[in-house]
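Visitor: I have a model open and want to learn how to read its packing. Where do we start?

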Amino acid sequence: MGMDLEYVPAPLRPRLHRRMTQEIRRRIRGTYRYDTTVWRTAIAGLWIVCFLAFTTAVLGIPTGLGVVTDIALAAGTSTILLAISSNIIAVLIALTGLRVPRLFAGCVLSDVGAILLILYYSDFEIEAAALIAVLLSLLGALGGLAIGLLRSKRVTLGILLTITVTFSQLALANGVQELPTLEPIDISDSDVIPLTASNPGKPGNQAYQTFTYANGNDLHRVEYGKDTSVISSTVDASAYIKDWSKLRTLFWGFDYSALPLNGRVWMPEGEGPYPVVLMVHGNHMMEDYSDGGYAYLGELLASRGFITISLDENFLNYSAWSGIPDNDFKVRTWIILKHLEQLAAFSDEPGNPFYQKIDFTKTALLGHSRGGQAVAMAADAERWFKNDPVMTAVNRFNIASVVALAPTDKTIDEQQARLKDVNYLTLQGARDGDVHDFYGDRQYIRTSYSQGSSAFKSSLYIADANHSQFNSDWGAYDQTLPAGLFLNQAQIMEADKQRQIAKVYVSAFLETTLHEKGEYQSLFRDYRSGLKWLPDTTYYNRFQDGGYRPVATFDEDRNKNTVNLGTAEASGLSWSEELAKDRESKSKATYGVVLERTAKKDEEAYYNIKLKDNVVTEVALSGADGLTFSLANLNGDIYGDIKDELSIPLPPNVEVELTDRNDTSARLPLSEVMDILPLPQTQFTLFPWLEERINDGKYGDLSEAIFQTYEMPFEQFQEEEPELKPENLTEITFYLEEVGDKIMLDDIGFYELGFRNIF
């Protein structure tokens with residue numbers, strides 16, 4: 001009888017499976033067999049690199065628990081993560097069978113990965129983050145290996161490796177390419193008359209007291225908690241803020257429905273009343289408080305008779321843990337208005353330190369960074385807060401003056417501040433690694449004056465100033481760590497010198513506009529008159545007031561042959577009306593005429609404006625003291641490709657000619673009034689390669705269109721040609737004398753000095 005046979009596959013050979021398991025176990029047990037004492041000691045170098053990387057990262061995103069706590073957190077986190085990841089990687093390497101010091105290799109790869117992630121999330125592009133991570137990890141590995149060799153008494157190899165590491169660091173340092181530094185201005189041979197007034201940056205004779213006002217419940221700062229002198233209200237910003245993190249509430253102990261009004265006050269002693277100056281910081285790490293960083297201005301201004309208050313808006317600043325509230329620009333402005341409302345209430349309260357001390361006719365607002373935009377918005381508050389009840393109290397104050405230190409200039413609710421008959425001063429550093437474009441120039445452009453207004457606007461562009469040093473608490477870095485470590489600090493001026501500039505200009509500005517002292521007026525027309533008070537660097541300034549009568553602003557149309565008060569023509573040069581642009585080639589919201597000489601060496605190249613022969617022109621000339629215009633030096637890409645030999649070219653050679661109805665002409669070199677300076681060029685990062693690979697390549701070009709205002713007195717032309725009749729001018733001509741000269745002109749007109757002598 002037949003029998004069916006069924007095939008049954010043979011089971012896996014137990015011995016093979018067992019041998020594989022045993023081999024894996026054997027390899028895992030032997031994970032550290034090649035990590036001798038030298039290699040284990042070398043891990044110290046990698047731990048140091050990892051610890052430093054985590055420390056800089058944590059200091060860039062502080063917890064608010066203090067620096068010591070943050071560093072301890074970095075040490076613990078880096079140690080734990082390095083231990084876990086390096087051992088996991090070591091096991092994986094062991095499984096491959098590679099005969100290398102596996103724990104050491106695991107530490108190297110862990111360092112690379114940690115640094116790469118830290119830099120990537122600090123706005124470095126992936127290739128830049130990877131390259132830096134590899135280089136730093138290799139330096140850590142080599143340094144650690146040098147320690148290991150020296151410890152094992154292999155002195156020669158240890159010393160050689162130490163030398164290698166040292167020279168590697170020097171090679172990296174020498175790779176930093178510096179652009180040429182502009183020479184400070186020498187006015188010893190010029191016709192500029194130095195101011196004889198006392199240095200406005202020095203303290204005055206007024207005694208003052210310091211105190212704070214707050215709601216008294218601050219969780220972190222005793223000056224706004226139990227030590228506060230005056231109790232203020234809280235305010236409900238729910239009409240403007242909708243996005244407020246629970247972590248932010250946990251940190252501060254309040255949400256947007258109960259924002260505090262905290263202020264640091266420097267008040268002159270005496271009966272008063274005194275002008276009041278509110279100062280407001282910008283966006284910084286929320287946990288690293290900013291409002292104390294303007295004490296140097298508060299103390300100076302109080303000693304000169306100004307009630308000065310630094311406002312606390314830290315609760316609106318960015319935090320790595322809780323983000324930033326929505327609508328923060330608008331709320332920053334609204335908080336300023338609420339402080340004014342609170343001060344009005346204080347001033348009416350008998351027994352309050354502010355009682356009858358405030359001169360409501362003389363108020364100034366000073367802001368830095370986002371605060372610089374907020375103060376301009378507050379001076380034009382009707383544009384955003386017309387229906388807000390706060391305006392009732394705010395309208396009691398006459399905001400006469402606005403100061404903006406390196407301000408932002410974003411469009412809010414599709415609008416921007418436009419100041420009318422308000423004194424405006426803005427300061428900006430060419431080495432500003434945060435607000436790297438001169439946004440204050442845009443607000444300067446949007447500030448205007450009625451004919452004959454005694455108010456004025458002025459700007460100062462400072463070649464070697466940065467962003468953070470206007471605040472004494474923000475340090476030297478314009479970017480949070482670790483990105484800030486890769487910014488080029490070499491050519492930035494010392495912090496005390498930068499703040500000296502702020503003290504001189506802010507004090508002189510407020511003395512002029514609020515105390516109505518006329519002795520500092522010329523500082524804003526021509527910075528050279530006050531150079532004895534200022535540190536050595538290169539400056540550029542603009543000025544305009546109610547005595548300005550425009551001839552050509554280039555904003556009325558795109559027809560280059562017409563200007564406000566006449567017609568224009570040119571010969572021997574290319575010319576066009578173009579937008580002034582910033583480093584990122586974005587509009588500065590003003591047009592100018594760009595002139596570039598194309599004529600041969602022995603030919604004339606000029607730009608000529610023929611004035612209308614009518615009443616309007618006669619009015620513009622009536623009482624005028626001279627010709628004024630703004631000029632930007634566009635002599636090529638000044639340094640060319642920064643890989644080439646770096647040099648500064650000769651400035652344009654410009655001459656100006658005035659012609660009257662009798663065809664009498666007088667022609668002067670512009671250098672007889674003021675030299676045309678080269679534009680400051682800034683490489684923000686340590687290496688040119690990094691410039692486009694950090695912060696989304698935001699830094700753009702090495703410079704932007706920076707204007708200098710020139711004032712050429714009619715008297716100076718008449719010294720050249722006594723028969724010239726300035727009241728009967730018919731033509732204004734600009735000559736470019738050298739091949740390749742290129743400039744941009746704007747705000748050509750006439751100025752009057754006499755009406756300013758009202759003080």
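**Reading contacts, cores and helix pairs**

Guide: Beyond its neighbours within four places in sequence, I462 is in contact with Q428, G429, A430, F470, M493, I501, T537, T538 and Y539. Contact means heavy atoms within 4.5 Å. This is a predicted model, where local features need pLDDT of at least 70 and side-chain atom pairs count only at pLDDT 80 or more, while totals for chains, interfaces and linings use all residues. Residues are numbered from 1 along each chain as its sequence is written, and side-chain values use heavy atoms, with hydrogens and water left out.

Visitor: Is I462 buried or exposed?

Guide: I462 is buried, with a relative accessible area of 0%. Buried means under 20%, exposed over 50%, partly exposed in between (1.4 Å probe, protein chains only). I462 lies in strand β11, residues 456-462. Strands are DSSP runs of E, at least two residues; helices are runs of H or I, at least four; both are numbered from the N terminus.

Visitor: How do I read a nonpolar core?

Guide: In soluble globular proteins, nonpolar side chains tend to be buried together. A nonpolar core here is a set of buried Ala, Val, Leu, Ile, Met, Phe, Trp, Tyr and Cys residues joined through side-chain atoms within 4.5 Å. The largest has 62 residues, and I309 is among those with the most contacts inside it. Helix α9 (residues 328-347) gives the most to this core: ten residues. A second, separate core has 51 residues, including M279 and F438.

Visitor: What does I309 touch?

Guide: Setting aside residues up to four places away in sequence, the partners of I309 include Y213, V276, L278, L343 and F354.

Visitor: And a helix pair?

Guide: Two packed helices are described by the angle between their axes and the distance between the axes. Axes are lines fitted to C-alpha atoms, for helices over the stretch in contact; angles run from 0 to 180 degrees between N-to-C directions. Take α3 (residues 67-96) and α4 (residues 102-120): the angle is about 125°, and the axes are 7 Å apart. That makes α3 oblique to α4. Under 35 degrees is roughly parallel, over 145 roughly antiparallel, 65 to 115 roughly perpendicular, and the rest oblique.

Visitor: Which residues of α3 and α4 make the contact?

Guide: Among them are L82, I89 and I93 of α3, and L103, C107 and L109 of α4. The contact residues divide into nine nonpolar, five polar and two charged. Ala, Val, Leu, Ile, Met, Phe, Trp, Tyr, Cys and Pro count as nonpolar, Asp, Glu, Lys and Arg as charged, and the others, Gly among them, as polar.
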